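Please consult the sequence and the coordinates alongside the text.

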Amino acid sequence: MDESLLKVREYRIYPLWEGLTIGLIVLVALVSTTYFIGFYGQQAQLGELKDGLKRQGEVITTLIDGDQHKRFRDRAQEEGEPYAQAISPLEKALEADPSTVFLYTVILENDTAYFVLDPTPEGDADNDGVDDKAHIMEEYSEAPEELLVALRNQSHETSEPYTDDWGHFVSSYIPFHDSQGEFVGVLGIDISAEMYQQRTQPIFRATVRTMVAAFFISFMVGSLVWFTRNFSKIVNAKRNHLIDVAAQMARGSKSGENSR
């Protein structure tokens, strides 16, 4: 037998490292994809919420008399008929939408935000130690940055979830004007941040579950790679052993022939 025919190619097989590498690549790919899908799903949900608040606010601002609004400068005016007339549309809008926690108007003076109209009844219904109602020219000392941007730029803004003296909210701020088209202030609409979280929670839970599933999938893929490569290594070792035995027998047979 020609000994050259018994030569075989040596394969370098590392089952553990190959399994770990392939499993890690699969894990990174699946987790990255899941994260981006979940992230953009939550952003889409927030965008839908913002658009809904904006449309709702734009409708309500048509009910605000900007000329009359500029005349409210003192808390004592809350006892008068003009205030009752001005606050009535906001009261009806607040009652019509259970998802709206607070509805109010805000103006900017000397770079400080002040409340003007707030249809919320006086008192502390939520037992947080703070009067639920904001009164005429009450300073909004913890005004969110998005509100200040809306007042300064006379633009529509929507906040990320934030916390102030009245609670934890997501808010939308819509500018309104007087009869001459001049900017007067912004209408603020607050919904509870918990409601926003409830809307995004299913996406978050699905993302987490998919990531857990991705871990098990990558583990199974890595294990399968390890098993098949380890099997190949064993088969290759046995084959090489048989070839070595055959080579030794061939050399022994050749030596016997030469001795004769």
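A residue is termed buried under 20% relative accessible area, exposed over 50%, and partly exposed in between, with a 1.4 Å probe and protein chains only. The model is predicted, so that local features need pLDDT of at least 70 and side-chain atom pairs count only at pLDDT 80 or more, while totals for chains, interfaces and linings use all residues. Residues are numbered from 1 along each chain as its sequence is written, and side-chain values use heavy atoms, with hydrogens and water left out.

**Salt bridges: criterion and count**

- Side chains of opposite charge can pair when their charged atoms come close.
- A salt bridge is a side-chain nitrogen of Lys or Arg within 4 Å of a carboxyl oxygen of Asp or Glu.
- Five salt bridges are counted by this rule.

**Lys 70 and Asp 178**

- Lys 70 and Asp 178 form a salt bridge whose closest N and O atoms are 2.8 Å apart.
- Because Lys 70 lies in the loop between helix 2 (66-69) and helix 3 (81-96), and Asp 178 in the loop between strand 5 (167-177) and strand 6 (183-192), the pair ties together parts that are 108 residues apart in sequence.
- Helices (H or I, at least four residues) and strands (E, at least two) are DSSP runs, numbered from the N terminus.
- Asp 178 is buried, at 9% relative accessible area, whereas Lys 70 is partly exposed, at 43%.

**Glu 109 and Arg 73**

- A salt bridge joins Glu 109 to Arg 73, with 2.3 Å between the closest N and O atoms.
- Glu 109 belongs to strand 1 (residues 100-109) and Arg 73 to the loop between helix 2 and helix 3, so that distant parts of the chain, 36 residues apart, are linked.
- Glu 109 is partly exposed, at 27% relative accessibility, and Arg 73 is also partly exposed, at 41%.

**Asp 111 and Arg 152**

- Asp 111 and Arg 152 meet in a salt bridge of 2.9 Å, N to O.
- This pair links the loop between strand 1 and strand 2 (112-115), which holds Asp 111, with helix 4 (residues 145-153), which holds Arg 152, 41 residues apart.

**Surroundings of Thr 120**

- Thr 120 lies in the loop between strand 2 and helix 4 and is buried, at 8% relative accessible area.
- Leaving aside residues up to four places away in sequence, Thr 120 touches Leu 94, Phe 102, Asp 132 and Lys 133, where contact means heavy atoms within 4.5 Å.
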